[in-house]
Amino acid sequence: VRRLEVGEGQWVWSLEPYGGCELGCTFCPVRQGAGSVEEWVAFEREARPRGRVVSALQAALGPAPGKGPAREPVRGTPASPRRVVLGAGSEPWQPAEERQRLTRALLETLLTLPPVDVQVHTRSSLIARDTDLLRALAQRGRVTVAFSLASLDEKVNRLLEPRAPSALRRLSAAEALARAGLLVGVRLSPVLPATAPEELDGLLARAAQAGARFAELGFFTPGPSERARLLERVGQASPDTALRFRKLLQKAAQATPAHLAALQGAFTRGCETRGLVPLDSQPSLPPAPDVQGTRLPAQLPLFPSH
Ligand code: SF4
């Protein structure tokens, strides 16, 4: 549980139940700090559960014994904010969570503490398991869930996020949460700059069909030194995919400013057409309905698993 700066003088509590991340994204900003290939590989091999995260959350956000209001986190700082973020560090719903249930324990603990707003970022469909708790939290404060998606093309996804659930499984989870009345959106990131505008629009269409109400766009544009470092690490960690990853990086390097502008335009138009607002304008979002099934008129076909 750590303080995360989110703007000039603003911060939130970031809940990070795991070090490491088994989803193994090659672009992962969290694992960029690895000093060697060995550390880089270890990051995805060991989820490293942080067993004391629940007591740390209680200490940070719970009322001081016999005092009532939330504790001051650090002497001299403002009172604890009433907003927590899940997913700013490693993935909270990575495979280890199926057994460890640390993220679920955090959500259960939040329900015992004074109400907070909860902001979630995830690349995992496992979050749907915790729909009941997220729904209970949404009755006490604002809960937003942003699903990160890079592409609908699973060949691309396997290179960028090798062990993440398929995009369609994530969209299926998004739909389940939206049907439960939760405020759901998508972060289309990292999108390959060589993506066709129609493909990006297709991704937005699927997201909106699943019940997304906000969206954000981020490109995969590593510079020359980052490309070289990634290639070296993927080459050593996963020789089987090195050649395909090299081609993907070459494509990423070929994007022209004009094509990026075309993609940005397609994204803006696609959002307007489907009523999706930017992720950073969440405060202007209407509240999500809290009655199951009121927002989506008909059951969508089941998405296939990967
Ligand atoms: S899911 Fe997130 S934390 Fe995990 S490897 Fe991918 S980008 Fe990194």
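Okay, let's start at Arg48, which sits in the loop between helix H1 (37-45) and helix H2 (53-61); helices here are DSSP runs of H or I with at least four residues, strands are E runs of at least two, and both are numbered from the N terminus. Keep in mind that this is a predicted model, where local features need pLDDT of at least 70 and side-chain atom pairs count only at pLDDT 80 or more, while totals for chains, interfaces and linings use all residues. Residues are numbered from 1 along each chain as its sequence is written, and side-chain values use heavy atoms, leaving out hydrogens and water.

So what is phi at Arg48? It's near 50 degrees, a positive value in a residue other than glycine. Most non-glycine residues have a negative phi, and most peptide bonds are trans. Arg48 is partly exposed, at 43% relative accessible area (buried is under 20%, exposed over 50%, partly exposed in between, with a 1.4 Å probe and protein chains only).

Next, Arg101, in the loop between helix H3 (96-100) and helix H4 (102-110). Arg101 isn't a glycine either, and its phi is positive, about 55 degrees. With 40% relative accessibility, Arg101 also counts as partly exposed.

Now a peptide bond: is the one from Ser189 to Pro190 cis or trans? It's cis, with omega near -5 degrees. Pro190 belongs to strand E6 (residues 183-191).

Zooming out, the protein has 11 helices and 8 strands. Of its 306 residues, 50% are buried. And for contacts (heavy atoms within 4.5 Å) with a separation of 6 or more, 79% are between residues 24 or more positions apart.
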